[in-house]
Amino acid sequence: MPAGTNSRGAAPRRRTRIHVVSDVHGNTEALARAGDGADALVCLGDLVLFLDYADHSRGIFPDLFGVENADRIVALRTARRFEEARDFGRELWAGMDRNAAITGAVRKQYAEMFAALPTPTYATYGNVDIPGLWPEYVRPGTTVLDGERVEIGGRVLGFVGGGLQSPMRTPYEISDEEYAAKIEAVGPVDVLCTHIPPDVPELTYDTVARRFERGSRALLDAIRRTRPRYSVFGHVHQPLVRRMRIGATECVNVGHFASTGRPWALEW
């Protein structure tokens with residue numbers, strides 16, 4: 001039998017490999033390598049680094065207010081003293097143009113990160129992203145999807161970005177109803193790509209932040225109803241469980257890319 005053919009004489013179908021990342025949080029250097037060896041990169045958002053809970057010296061907040069103040073606000077949030085954290089934040093921002101300061105810092109990060117994205121990249125927003133700024137930085141070769149589908153290598157991937165409303169009040173938080181509508185718009189797919197996880201305790205509890213992040217009930221219901229092969233997501237940096245099966249679906253937290261620098265690979 002000639003090399004490169006199967007028993008019927010036809011060339012074997014080429015396999016498709018995609019790399020999936022989430023919670024990039026400013027790790028531009030690793031992002032530039034994330035698509036190496038893959039046919040496409042899937043990015044599930046949170047490009048912005050506002051405050052690194054593992055290293056309080058990194059991010060927009062410590063750049064503006066110093067590490068000691070970053071230490072304090074992390075301690076308040078970790079203790080779930082959200083009102084005190086907001087009051088403390090208001091004190092720090094007094095007399096400053098908060099929107100201008102944050103937007104300027106985010107623009108700088110976006111310019112670097114979108115330039116690092118390989119071709120092709122399929123991306124959706126995280127809860128700390130600012131969707132209104134993305135059109136200024138998206139380059140040819142990057143496709144942004146939110147409540148939409150795309151076919152890659154014969155499989156259909158659906159994308160839903162953003163997070164649900166929470167005490168953290170991050171930039172791209174939406175209502176449960178709006179999120180559910182986007183899940184419904186995507187419909188049945190082979191791979192369901194979201195920033196946040198389904199609403200399952202093992203997948204939503206962060207063992208370092210010591211709190212439950214918000215997962216989506218609508219996403220969980222869609223997984224049970226439409227049975228995608230995979231549900232991939234990020235958002236929870238140090239979950240109790242990174243991978244579990246819900247019925248026929250393999251649910252995978254693709255990791256806190258800012259700290260690991262390693263994409264999760266999926267082949268078919």
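**Figure 1. The crossing of helices H6 and H8 is right-handed.** A crossing counts as right-handed if the near helix is turned clockwise from the far one by less than a right angle, and as left-handed if anticlockwise. The model is predicted, local features need pLDDT of at least 70 and side-chain atom pairs count only at pLDDT 80 or more, while totals for chains, interfaces and linings use all residues. Residues are numbered from 1 along each chain as its sequence is written, and side-chain values use heavy atoms, with hydrogens and water left out. Helices (H or I, at least four residues) and strands (E, at least two) are DSSP runs numbered from the N terminus. H6 packs against H8 (residues 217–226) at an angle of about 25°, and their axes are 9 Å apart. Axes are lines fitted to C-alpha atoms, for helices over the stretch in contact, and angles run from 0 to 180 degrees between N-to-C directions. The two helices, H6 and H8, are therefore roughly parallel to each other; angles under 35 degrees count as roughly parallel, over 145 as roughly antiparallel, 65 to 115 as roughly perpendicular and the rest as oblique. On the H6 side the contact is made by Ala-180, Ile-183 and Glu-184, and on the H8 side by Ala-218, Leu-219, Ala-222 and Arg-225. Contact means heavy atoms within 4.5 Å.

**Figure 2. Six strands form an open sheet with mixed pairing.** The strand order is E5-E6-E9-E12-E14-E13, where strands pair if DSSP finds at least two bridges between them. Strand E5 (148–152) and strand E13 (243–246) are the edge strands, each pairing on one side only. On average, neighbouring strands of this sheet are turned by 20° against each other, direction ignored. E5 and strand E6 (residues 155–160) run antiparallel and are joined by five bridges. Glu-151 has Val-156 of E6 as its bridge partner. Helix H6 (residues 176–186) lies across E5, E6 and strand E9 (191–194), at about 165° to E6.

**Figure 3. A second open sheet has five strands, also with mixed pairing.** Its order is E4-E3-E2-E1-E15. The edges are strand E4 (142–144) and strand E15 (264–267), and each pairs on one side only. Here neighbouring strands are turned by 25° against each other on average, direction ignored. Four bridges pair strand E1 (residues 17–21) with strand E2 (residues 40–43) in the parallel sense, and Val-20 has Val-42 of E2 as its bridge partner. E2 also runs parallel to strand E3 (residues 121–123), to which three bridges join it; in this pair Cys-43 stands opposite Ala-123 of E3. E2 is covered on both faces, with Ala-40 and Val-42 buried on one side and Leu-41 and Cys-43 buried on the other. Buried means under 20% relative accessible area, exposed over 50% and partly exposed in between (1.4 Å probe, protein chains only).

**Figure 4. The largest nonpolar core holds 54 residues.** A nonpolar core is a set of buried Ala, Val, Leu, Ile, Met, Phe, Trp, Tyr and Cys residues joined through side-chain atoms within 4.5 Å. The members that touch the most others are Val-21, Val-24, Leu-31, Leu-47 and Tyr-110. Helix H5 (residues 98–116) gives the most to this core, with five residues. Apart from neighbours within four places in sequence, Val-21 is in contact with Leu-31, Ala-34, Leu-41, Val-42, Cys-43, Leu-44, Val-254, Phe-257 and Pro-263. A separate second core has 19 residues, among them Ala-40, Leu-44, Ile-152 and Val-252.

**Figure 5. Helices H3 and H4 pack at an angle of about 155°.** Their axes, for H3 (residues 67–78) and H4 (residues 82–93), are 8 Å apart. This makes H3 roughly antiparallel to H4. The crossing of H3 and H4 is left-handed. H3 makes the contact through Asn-69, Arg-72, Ile-73, Leu-76 and Arg-77, and H4 through Phe-82, Glu-84, Ala-85, Phe-88 and Leu-92. Glu-84 of helix H4 is partly exposed, with a relative accessible area of 38%. Between Glu-84 and Ile-73 there are 8.8 Å from C-alpha to C-alpha, and the two are eleven residues apart in sequence.

**Figure 6. Arg-33 sits in the loop between helix H1 (28–31) and E2.** Arg-33 counts as partly exposed, at 44% relative accessibility. Its C-alpha atom is separated by 8.0 Å from that of Pro-118, and Arg-33 and Pro-118 are 85 residues apart along the chain.
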